[in-house]
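Could you walk me through this structure in my viewer, one selection at a time? I am new to it and would like to know what to click on and what I will find there.

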Amino acid sequence: MSNLAREFGFMLRSRSALMALALLAICASAAVALGLASVARDRAAIDRMIAGQATEERALAAFVKDAGSGAYYGFQPTWDAPSDLAFAALGSRDIAPAMLRVRALALEAQIYENEAANPELALPGRFDLAFVVIYLAPLVLIALLHDLWSGEREAGRYHALAAMPGANRRLWSARVLVRLGGVLAALLLPFAVGALIAGTAPLRALGFAGLIGLVALLWTAIILIVARRGSRSAVHAASLAAIWFALTLVAPAGANLAINAAVPVPDGAALARENREYVHAGWDRPRDQTMRDFLKLYPQLAPGAAIPPTFHWKWYFAFQHLGDRHVAQQSQAYRDGIARRAELARAAGWLLPPAGLAQAMTALARTDIAAQLDYQMRIRAYHQRLREFFYDYLFSEKPFGPDDLADVPRFDPAIDS
Amino acid sequence: MSNPVLVIDQLVVERGGRRIVDGLSLTLAGGEIYALLGGNGAGKSTTLFAILGFLARSGGGLTIGGQDPATAIEAVRAQIAYLPENVALYDHLTARENVDYLLKIADCRRSRAEIEAAFLSVGLAAPAWEQRAGSFSKGMRQKTAIALAMLRDTPLLLLDEPTSGLDPAASADFHALLETLAARGVAVLMVTHDLLGAADTADRIGLISGGRIASEWSAQTSEPRFDLNALHDGFARVR
């Protein structure tokens, strides 16, 4: 303990070390603050959307005459509430929708209005604590540790220090531990404050803190391996900068390109367009053919499937759903492709530990691709409940009025999965 | 010789496949100052590095206080204070902070009064104690390092070219300090090119050549302590 206290005091006398740690702490604090603000914005937007639903339904009640108009005009909110760790690793929340108001119309176009990329291995873009941990903290560790031995050698102190009894344990180990501890403190203290504010479950917070620790340990090991070589400090710094550049930027970006090339994924926007075009073409397709195709999917609705020669909501919602069925394979291929890319990215993470640890952070924070796909599946499950609720009214010719709006199924993240 | 601090017996050290030290033998008792002279590349510093355990020996024996650096390096280093040719301190720390910090690394507890007493005994004036070492001359840095060695109270002091770059007065001061340490029972082994300085201070002078002691002289009890002509001739032959 006295060795650590001694080295801590020594580090406090080093202006450059203090500046590097202060800069890291400021970045980590800013990242946590921005993450908390982002999550708060998400929650506020979700709350506004849910609160606005009552106003919307009051407006809808003024003119809804039947189940068809209730289904057509009634937007229903769905949302993917940020987890208690999302503030620390925003993941794909900044590019994937965290809420979506859906109608009982064709769903796929509604979902794929936002094309989703594979951000797991993409170049850094968002500024959150995970970014600071994965990209900035290694640079500070490099600055603090690259000249651990070479700096002393260049100053002419190395042999005198190494000749001290217990130098390995009392000097070098303590110096490494104190500097590593400084970096961890600069990262973990802002995280701990953020976790307290966000009400993060203790075990999950510990898990995330463990990942931060693993990143720091990984880089400390890499730096010490390089710093142990007898080269000059400048050579160590340049080598480590090159390793950082390769491990955190070039290799993940290359892996991302390779994975995207190896696993082609249907274009989400094209899928939405195909869905819409098929639905629009439904107006011109033979109506009896549309109903036959629809009843193959819902044979239990056949007794009430007769439609008049004029417009009827049964027919309209039938070709809407057939639009979804038309692109079902493409949609499944899209999801499979995205999932496969994420799986390969995880595998690449074993070879590229910084990328792997970044993925582990977003996975723990439930802001990764899997969480995004999971939300889409919850929307699909809810959409099915919503459609079938209105099918029941439409195909049994049950009257539907303003009072029935209260019975429309609500999205529930717990059951729509 | 009673109670030898350092015993080197037929030491062999190789570097890059070449024998730098080849059968060197030397025994040093407490309170004795031994000057090891030799030309560049003769194996002087290599011998020091072998004693410190920085280099493994290929053959022969080596003990410090009865401990072998090959098997008990920490115990050996606890008995050695080492001053490199250019004593480097932490420039951003004062003399007192440097000594305090380095003593803690060596796990050696000394009071403020003891540190000040050591500074005084090496001739480091009080105003320098709180000065940053970055402003120190080589002589002041050496005095600080000697104070550190005194405070560590090790039985063996190793010096690598301690007077190179010192002016004559500072060099004389330094040799006086060594005599003070020797009087306290510290065994001093210094490798040097400074033949005159060695002749002034050392109890024995060994001339290293071909990786072994080629000639050795012991100080006489009466002046002159050494035959300077013989020393000079010997040194000229091996340089």
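Start by selecting B:Leu6 and B:Ile64: B:Leu6 stands opposite B:Ile64, which belongs to strand 4 of chain B. Keep in mind as you look around that this is a predicted model.

Now widen the selection to strand 1 of chain B, residues 4–15, together with strand 4 of chain B. These two strands pair in the antiparallel sense, over five bridges. Strands of a sheet pair through backbone hydrogen bonds, either parallel or antiparallel.

Chain B contains nine helices and nine strands. Its radius of gyration is 18 Å, close to the 18 Å that the globule rule gives for 239 residues, so chain B is as compact as a globular protein of that length. Along its principal axes, the C-alpha trace of chain B spans about 45 × 40 × 35 Å. Of the 239 residues in chain B, 47% are buried. Among the contacts in chain B with a separation of 6 or more, 70% are between residues 24 or more positions apart.

Then bring chain A into view and look at where the two chains meet. Here 17 residues of chain B are in contact with 16 residues of chain A. On the chain B side, select helix 2 (73–77), strand 5 (80–83) and helix 3 (95–105), each of which supplies at least two residues. Helix 3 of chain B gives the most, with three residues. By class, this side of chain B has eleven nonpolar, two polar and four charged residues.

For the last stop, select helix 9 (residues 202–227) and helix 15 (residues 353–364) of chain A. They pack at an angle of about 170°, with their axes 10 Å apart. Angles over 145 degrees count as roughly antiparallel, and helix 9 and helix 15 of chain A are therefore roughly antiparallel to each other. Show side chains where they meet: helix 9 of chain A brings residues including A:Phe208, A:Leu211 and A:Leu218, while helix 15 of chain A brings residues including A:Leu357, A:Met361 and A:Leu364. By class, this contact has eleven nonpolar, one polar and one charged residues.

How values were computed
Residues numbered from 1 in each chain as written. Chains lettered and ligands numbered in written order. Predicted model: local features only at pLDDT ≥ 70, side-chain atom pairs only at ≥ 80, totals over all residues. Pairing = 2+ DSSP bridges. Helix = DSSP H or I, 4+ residues; strand = E, 2+ residues; numbered from the N terminus. Contact = placed C-beta atoms within 7 Å. Nonpolar A, V, L, I, M, F, W, Y, C, P; charged D, E, K, R; others polar. Axes fitted to C-alpha atoms, helices over the stretch in contact; angles between N-to-C directions. Parallel < 35°, antiparallel > 145°, perpendicular 65-115°, else oblique. Rg over C-alpha atoms; globule rule 2.2 N^0.38 Å. Buried ≥ 20, exposed ≤ 12 C-beta atoms within 10 Å, placed from the backbone.
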